[in-house]
Amino acid sequence: MKKENISSMIEKLPFYLKERIDGYVKSVDIVLIDIFKSAGVKYSDEIAQDVIFIAFLKKFYAIVNSAYWTLDNTGEILENNGISSVWIGSTNYSRYSEYYGNLFRMQDKFKTILEDGNVFEMVFNMNYKEIIKHLSNEY
(Lines give C-alpha, C1' and ligand atoms only; values in the text may rest on other atoms or scores of the structure.)
Protein backbone atom coordinates (compact mmCIF):
# COMPACT_ATOMS: atom_id res chain seq x y z
CA MET A 1 0.00 0.00 0.00
CA LYS A 2 1.36 3.41 -0.96
CA LYS A 3 2.39 5.87 1.75
CA GLU A 4 -0.13 8.39 0.42
CA ASN A 5 -2.95 5.89 0.95
CA ILE A 6 -1.78 5.14 4.48
CA SER A 7 -1.57 8.87 5.23
CA SER A 8 -5.10 9.29 3.88
CA MET A 9 -6.35 6.47 6.14
CA ILE A 10 -4.63 8.02 9.15
CA GLU A 11 -6.16 11.44 8.40
CA LYS A 12 -9.66 9.96 8.64
CA LEU A 13 -9.10 8.66 12.18
CA PRO A 14 -10.21 10.50 15.32
CA PHE A 15 -7.56 12.92 16.60
CA TYR A 16 -6.33 10.76 19.50
CA LEU A 17 -5.80 7.78 17.19
CA LYS A 18 -4.41 9.87 14.35
CA GLU A 19 -1.68 11.45 16.47
CA ARG A 20 -0.55 8.17 18.03
CA ILE A 21 -0.58 6.14 14.83
CA ASP A 22 0.93 8.85 12.63
CA GLY A 23 3.84 9.37 15.02
CA TYR A 24 4.55 5.65 15.19
CA VAL A 25 4.35 5.14 11.43
CA LYS A 26 6.68 8.10 10.81
CA SER A 27 9.20 6.77 13.33
CA VAL A 28 9.26 3.39 11.59
CA ASP A 29 9.63 5.11 8.21
CA ILE A 30 12.62 7.11 9.45
CA VAL A 31 14.59 3.99 10.41
CA LEU A 32 13.56 1.75 7.52
CA ILE A 33 16.83 2.05 5.59
CA ASP A 34 18.74 0.91 8.68
CA ILE A 35 16.33 -2.00 9.21
CA PHE A 36 16.83 -3.09 5.59
CA LYS A 37 20.61 -3.01 6.12
CA SER A 38 20.28 -4.97 9.36
CA ALA A 39 18.13 -7.55 7.55
CA GLY A 40 20.68 -7.85 4.76
CA VAL A 41 18.05 -6.91 2.17
CA LYS A 42 18.46 -4.32 -0.58
CA TYR A 43 16.12 -1.37 -0.04
CA SER A 44 12.93 -1.56 -2.08
CA ASP A 45 10.18 1.07 -2.20
CA GLU A 46 7.60 -1.68 -2.68
CA ILE A 47 8.70 -3.57 0.45
CA ALA A 48 9.11 -0.30 2.39
CA GLN A 49 5.51 0.68 1.66
CA ASP A 50 4.29 -2.74 2.80
CA VAL A 51 6.32 -2.41 6.01
CA ILE A 52 4.79 1.03 6.66
CA PHE A 53 1.33 -0.49 6.23
CA ILE A 54 2.24 -3.30 8.66
CA ALA A 55 3.42 -0.60 11.12
CA PHE A 56 0.02 1.08 10.78
CA LEU A 57 -1.74 -2.23 11.49
CA LYS A 58 0.53 -3.05 14.45
CA LYS A 59 -0.09 0.30 16.13
CA PHE A 60 -3.82 0.37 15.42
CA TYR A 61 -4.25 -3.09 16.91
CA ALA A 62 -2.07 -2.21 19.91
CA ILE A 63 -4.35 0.75 20.71
CA VAL A 64 -7.58 -1.27 20.36
CA ASN A 65 -6.12 -4.18 22.32
CA SER A 66 -4.87 -1.89 25.09
CA ALA A 67 -8.28 -0.25 25.47
CA TYR A 68 -9.98 -3.65 25.59
CA TRP A 69 -7.66 -5.12 28.24
CA THR A 70 -7.69 -1.93 30.31
CA LEU A 71 -11.48 -2.05 30.44
CA ASP A 72 -11.54 -5.81 31.03
CA ASN A 73 -9.00 -5.73 33.86
CA THR A 74 -10.58 -2.68 35.47
CA GLY A 75 -13.99 -4.34 35.23
CA GLU A 76 -12.67 -7.43 36.96
CA ILE A 77 -11.15 -5.39 39.79
CA LEU A 78 -14.38 -3.43 40.22
CA GLU A 79 -16.50 -6.59 40.21
CA ASN A 80 -14.24 -8.14 42.85
CA ASN A 81 -15.00 -5.10 44.98
CA GLY A 82 -18.77 -5.25 44.46
CA ILE A 83 -19.01 -2.59 41.75
CA SER A 84 -20.72 -3.85 38.59
CA SER A 85 -20.23 -0.79 36.38
CA VAL A 86 -18.98 2.76 36.16
CA TRP A 87 -20.85 5.49 34.34
CA ILE A 88 -19.07 8.50 32.89
CA GLY A 89 -21.67 10.86 31.56
CA SER A 90 -24.09 8.69 29.64
CA THR A 91 -21.56 5.95 28.87
CA ASN A 92 -21.46 2.71 30.83
CA TYR A 93 -17.97 1.27 31.22
CA SER A 94 -18.37 -2.28 32.43
CA ARG A 95 -17.60 -5.75 31.17
CA TYR A 96 -21.23 -5.99 30.06
CA SER A 97 -21.54 -2.62 28.35
CA GLU A 98 -22.01 -1.84 24.69
CA TYR A 99 -18.59 -0.15 24.70
CA TYR A 100 -16.90 -3.32 26.00
CA GLY A 101 -18.77 -5.46 23.47
CA ASN A 102 -17.74 -3.14 20.64
CA LEU A 103 -14.08 -3.29 21.65
CA PHE A 104 -14.23 -7.08 21.86
CA ARG A 105 -15.87 -7.37 18.43
CA MET A 106 -13.46 -4.85 16.91
CA GLN A 107 -10.48 -6.75 18.27
CA ASP A 108 -11.89 -10.07 17.04
CA LYS A 109 -12.86 -8.72 13.60
CA PHE A 110 -9.45 -7.10 13.20
CA LYS A 111 -7.72 -10.44 13.82
CA THR A 112 -9.99 -12.10 11.25
CA ILE A 113 -9.19 -9.42 8.66
CA LEU A 114 -5.46 -9.84 9.29
CA GLU A 115 -5.75 -13.61 8.91
CA ASP A 116 -7.77 -13.25 5.70
CA GLY A 117 -5.21 -10.77 4.37
CA ASN A 118 -2.29 -13.10 5.14
CA VAL A 119 -0.60 -10.52 7.36
CA PHE A 120 -1.50 -11.93 10.79
CA GLU A 121 1.95 -13.45 11.38
CA MET A 122 3.73 -10.25 10.38
CA VAL A 123 1.59 -8.08 12.64
CA PHE A 124 1.68 -10.32 15.71
CA ASN A 125 4.75 -12.51 15.51
CA MET A 126 7.48 -10.75 13.55
CA ASN A 127 9.74 -7.79 14.21
CA TYR A 128 10.51 -5.38 11.37
CA LYS A 129 13.75 -7.08 10.38
CA GLU A 130 11.88 -10.40 10.04
CA ILE A 131 9.06 -8.71 8.13
CA ILE A 132 11.50 -7.25 5.60
CA LYS A 133 13.19 -10.64 5.11
CA HIS A 134 9.78 -12.31 4.73
CA LEU A 135 8.55 -9.75 2.20
CA SER A 136 11.80 -9.87 0.22
CA ASN A 137 11.17 -13.58 -0.35
CA GLU A 138 7.68 -12.82 -1.71
CA TYR A 139 8.82 -10.26 -4.31
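Predicted model: local features only at pLDDT ≥ 70, side-chain atom pairs only at ≥ 80, totals over all residues.

Buried means under 20% relative accessible area, exposed over 50%, and partly exposed in between, with a 1.4 Å probe and protein chains only.

Residues are numbered from 1 along each chain as its sequence is written, and side-chain values use heavy atoms, with hydrogens and water left out.

Zoom in on L57 next. Leaving aside residues up to four places away in sequence, L57 touches F110, L114, V119 and V123; contact means heavy atoms within 4.5 Å.

Then follow α3 from end to end. Its 36 residues reach 52 Å from first C-alpha to last, close to the 52 Å expected at 1.5 Å a residue; the expected span is 1.5 Å times one less than the number of residues. At the N-terminal end, select S44, which caps α3 with a side-chain oxygen 3.3 Å from the backbone nitrogen of E46. Polar contacts are pairs of N or O atoms within 3.5 Å; within protein, one must be able to donate a hydrogen and the other to accept it, and residues adjacent in sequence count only if both atoms are side-chain atoms. Just after α3, G82 takes a positive phi of about 80 degrees.

Move on to α4. Which of its residues are buried? Select Y100, G101, L103, Q107, F110 and L114 to see them. The buried residues of α4 pack against α3 and α5. The end C-alpha atoms of α4 are 26 Å apart, which agrees with the 27 Å that its 19 residues should span at 1.5 Å a residue.

In the loop between α4 and α5 you will find N118. Although not a glycine, N118 has a positive phi of about 60 degrees, and it is exposed, with a relative accessible area of 66%.

For another loop stop, pick K42, between α2 and α3. K42 is exposed, with a relative accessible area of 74%. Draw a distance from the C-alpha of K42 to that of E121: the two are separated by 22 Å, and lie 79 residues apart along the chain.

Finally, zoom out. From the N terminus on, the elements run α-α-α-β-β-α-α-α; helices (H or I, at least four residues) and strands (E, at least two) are DSSP runs, numbered from the N terminus. The radius of gyration is 18 Å, well over the 14 Å that the globule rule gives for 139 residues, so the protein chain is more spread out than a compact globule. That radius is taken over C-alpha atoms, and the rule is 2.2 Å times the number of residues to the power 0.38. Along its principal axes, the C-alpha trace spans about 60 × 25 × 25 Å. Of the 139 residues, 35% count as buried.
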